[in-house]
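Please keep the sequence and the structure in view while reading.

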Amino acid sequence: MKKFVYFIPVILWMCFIFYMSQQTGSDSSSMSNSILEIVIRFIPIPENILTMLIRKSAHMFEYFVLFILLFIAYYKSQSKYRYLTSYIITVLYACSDEIHQLFIPGRQAAIFDVMIDSFGALIGVLFVYLLLKYIAKRSN
């Protein structure tokens with residue numbers, strides 16, 4: 001039962017991702033546009049490119065965090081295959097998220113988004129690996 005506690009942040013983050021995917025297409029666009037209005041003041045990039053960068057960065061960040069939370073939970077549970085298990089679950093959740101979006105008005109499923117999400121998780125793998133190497137080196 002104690003090991004389950006480490007999965008609570010994972011479940012909460014998955015709920016957050018689900019909630020964000022539950023937004024209609026117009027609601028999702030309005031959230032992106034509010035961020036766009038702030039960023040466009042500082043970065044002179046065409047609006048359509050900046051919009052895509054913001055939206056895809058959000059995808060990457062969501063799944064970067066999900067991988068890290070899963071890794072921590074499996075690490076604390078002393079799972080042998082924590083990297084692989086965490087990555088696979090993250091990618092499967094990205095796939096299920098895209099399927100979920102098929103049922104939301106104004107949204108669509110895109111394999112490209114799964115690839116972006118998977119890349120965010122892969123950055124998480126690299127980040128955790130390098131962080132653990134750095135910590136091990138500092139403790140020696």
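Gln 78 counts as exposed in this predicted model, because its relative accessibility is 68%, where exposed means over 50% relative accessible area, buried under 20% and partly exposed in between (1.4 Å probe, protein chains only). Gln 78 sits in the loop between helix 3 and helix 4, helices (H or I, at least four residues) and strands (E, at least two) being DSSP runs numbered from the N terminus. The backbone at Gln 78 has a positive phi of about 60 degrees, although Gln 78 is not a glycine. Most residues other than glycine have a negative phi.

The protein chain has five helices and zero strands, and the C-alpha trace spans about 50 × 35 × 25 Å along its principal axes. Of the 140 residues of the protein chain, 34% count as buried. The chain exposes about 9200 Å², of which carbon and sulfur atoms supply 71%, with accessible areas taken from the Shrake-Rupley method with a 1.4 Å probe and, for residues, only the protein chains shown counting as cover. Among contacts (heavy atoms within 4.5 Å) with a separation of 6 or more, 69% are between residues 24 or more positions apart.

Two helices can be checked against an expected span, which is 1.5 Å times one less than the number of residues. Helix 3 (residues 47–76) has 30 residues and should span 44 Å, and its end C-alpha atoms are 43 Å apart, which agrees. Helix 5 (residues 111–139) has 29 residues and should span 42 Å, and its end C-alpha atoms are 42 Å apart, which also agrees.

Which residues of helix 5 are buried? They are Asp 113, Val 114, Ile 116, Asp 117, Ser 118, Gly 120, Ala 121, Gly 124, Val 125 and Val 128, and what covers the buried residues of helix 5 includes helix 3 and helix 4 (82–101). Asp 113 counts as buried because its relative accessibility is 7%. The structure holds one salt bridge, meaning a side-chain nitrogen of Lys or Arg within 4 Å of a carboxyl oxygen of Asp or Glu. This pair links distant parts of the chain, with Lys 56 in helix 3 and Asp 113 in helix 5, 57 residues apart, and the N to O distance is 2.5 Å.

Helix 5 also gives the most to a nonpolar surface patch, with five residues. The patch, of about 550 Å², is made by Tyr 75, Phe 127, Leu 131, Leu 132, Tyr 134 and Ile 135; patches are made of residues with over 30% relative accessible area and no salt bridge, like charges being joined within 9 Å and nonpolar side chains (Val, Leu, Ile, Met, Phe, Trp, Tyr) within 5 Å. Tyr 75 is found in helix 3.

The loop between helix 4 and helix 5 holds Ile 104. Ile 104 and Gln 22 are 82 residues apart in sequence, yet 6.5 Å apart in space, C-alpha to C-alpha. Leaving aside neighbours within four places in sequence, Ile 104 is in contact with Ser 21, Gln 22, Gln 23 and Thr 24.

The table sets out relative accessibility for several residues.

| Residue | Relative accessibility | Class |
|---|---|---|
| Asn 48 | 58% | exposed |
| Cys 15 | 45% | partly exposed |
| Tyr 75 | 39% | partly exposed |
| Cys 95 | 32% | partly exposed |
| Ile 104 | 7% | buried |

A search of the whole structure finds zero disulfides, a disulfide being a pair of cysteine sulfur atoms within 2.5 Å. Cys 15 is in no disulfide, and the nearest cysteine sulfur, that of Cys 95, is 19 Å away, which is too far for a bond.

Technical notes. Residues numbered from 1 in each chain as written. Predicted model: local features only at pLDDT ≥ 70, side-chain atom pairs only at ≥ 80, totals over all residues. Heavy atoms only, no water.
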